[in-house]
Number of protein chains: 2
Amino acid sequence: MLIKEVPDAECRELLAKASIGRLGCSLDDQPYVVPLCIAYEPGYLYFFSTLGKKIEWMRTNPKVCVQIDDINGRSAWVSVLANGHYQELEEPRFTDERNHARKLLEKQHLWWLNALAERRTQLPDQAITPIFFRMQIDSISGLRGVSEGE
Amino acid sequence: MLIKEVPDAECRELLAKASIGRLGCSLDDQPYVVPLCIAYEPGYLYFFSTLGKKIEWMRTNPKVCVQIDDINGRSAWVSVLANGHYQELEEPRFTDERNHARKLLEKQHLWWLNALAERRTQLPDQAITPIFFRMQIDSISGLRGVSEGE
């Protein structure tokens with residue numbers, strides 16, 4: 001098996017196709033990884049989440065990364081890593097961006113947003129109000145495992 | 001959908017069943033996430049890798065985490081996070097532990113270890129000599145998405 005770099009354009013295609021990414025953040029050099037729904041457009045990855053440890057950490061240290069992969073077996077895997085900075089889409093400063101994020105994420109993840117909204121009407125708890133945020137992408141790289149014969 | 005904590009014993013079962021985990025490490029508070037083959041036994045997760053950025057980073061900052069998940073759709077997902085410390089199983093100090101790691105990892109990942117070995121005989125390059133390491137687990141936690149009716 002050989003490990004090859006994935007061209008930049010293909011990394012972006014893979015990010016655009018992915019619906020789940022693993023978000024990495026860190027505080028005091030303790031890393032933290034969590035799976036999240038994602039939506040890509042050039043320059044940005046969009047997310048939503050309820051308030052919790054990851055949001056608190058990213059507010060303190062905005063350096064984040066997102067890893068996606070497609071692992072089908074021995075020599076058929078690809079992994080893409082995007083590095084960037086956390087931007088919380090709070091209102092009113094980022095109302096337009098927040099609405100844009102919601103529209104992008106609804107295409108793939110409407111059920112989840114609805115679930116949060118339903119839950120909110122039952123239990124009016126700030127902790128389950130969705131927070132929209134994005135990662136401003138600074139760099140993207142990818143690796144692929146390839147059989148020797150290919 | 002409700003989000004519930006996964007009991008400790010079940011987190012350990014899920015780690016034992018998983019064959020791929022996302023390893024998180026960080027340097028100067030820049031997080032880095034990479035998918036890796038894993039093998040669990042109580043107290044430790046075992047790995048192998050070729051030399052590269054993640055190994056260099058973990059040698060500098062041994063705080064690491066491993067995230068595994070099983071995401072089947074709307075309300076059927078579970079995610080487990082283990083936090084711990086990097087220990088490189090270098091020889092001769094950790095020869096026994098290294099052999100133990102190899103045996104555990106061979107059960108699920110023999111093809112990959114063989115691929116590295118084959119590649120090494122073709123190109124005698126230190127960079128593709130596998131490095132075995134383990135994470136000494138300090139804490140484990142897990143979350144699960146559950147339909148409201150369940």
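Colleague: Leaving aside its neighbours within four places in sequence, which residues is A:Asp29 in contact with?

Modeller: Happy to start there, with the reminder that this is a predicted model. A:Asp29 sits in the loop of chain A between strand E2 (20-27) and strand E3 (30-37). Once its neighbours within four places in sequence are set aside, its contacts are B:Ser26, B:Leu27, B:Asp28, B:Asp29, B:Asn61 and B:Lys63.

Colleague: Which backbone atom does the side chain of A:Asp29 reach, and at what distance?

Modeller: B:Asp29 is among the residues that A:Asp29 contacts. The side chain of A:Asp29 reaches the backbone nitrogen of B:Asp29, at 3.1 Å.

Colleague: A:Asp29 is buried, so which side chain of opposite charge is nearest, and how far away is it?

Modeller: A salt bridge would need a side-chain nitrogen of Lys or Arg within 4 Å of a carboxyl oxygen. A:Asp29 has no salt bridge, although it is buried. The nearest side chain of opposite charge belongs to B:Lys63, and the distance is 7.0 Å.

Colleague: Let's turn to chain B. Why are the buried residues of helix H1 in chain B on the same side?

Modeller: Helix H1 of chain B spans residues 8-17, and its B:Cys11, B:Leu14 and B:Leu15 are buried. They lie on the same side of H1(B) because the arc they cover around the axis is only 100°. In general, an α-helix has 3.6 residues a turn, so residues three or four places apart point the same way.

Colleague: Which strands do the buried residues of H1(B) pack against?

Modeller: The residues in question are B:Cys11, B:Leu14 and B:Leu15. Their packing partners in chain B are strands E4 (39-41), E5 (44-49), E6 (63-71), E7 (77-88) and E8 (131-146).

Colleague: Is B:Phe133 buried or exposed, and what is its relative accessible area?

Modeller: B:Phe133 belongs to strand E8 of chain B. Buried means under 20% relative accessible area. B:Phe133 is therefore buried, with a value of 1%.

Colleague: Stepping back, what pattern does chain A follow along the sequence?

Modeller: Chain A has 3 helices and 8 strands. Of its 150 residues, 51% are buried. Read along the sequence, the pattern is β-α-β-β-β-β-α-β-β-α-β.

Colleague: What ipTM does the predictor give the complex?

Modeller: For chain A, the mean pLDDT is 88, and 85% of the residues reach 70 or more. Where pLDDT is low, the predicted coordinates should not be read in detail. For the complex, the predictor gives a pTM of 0.91 and an ipTM of 0.90.

Key. Residues numbered from 1 in each chain as written. Chains lettered and ligands numbered in written order. Predicted model: local features only at pLDDT ≥ 70, side-chain atom pairs only at ≥ 80, totals over all residues. Heavy atoms only, no water. Helix = DSSP H or I, 4+ residues; strand = E, 2+ residues; numbered from the N terminus. Buried < 20%, exposed > 50% of the residue type's maximum accessible area, 1.4 Å probe, protein only. Lys, Arg positive; Asp, Glu negative; His and termini not counted. Polar contact = N/O pair within 3.5 Å; in protein donor to acceptor, adjacent residues only side chain to side chain. Contact = heavy atoms within 4.5 Å. Arc of directions from axis to C-beta. pLDDT = per-residue confidence, 0-100.
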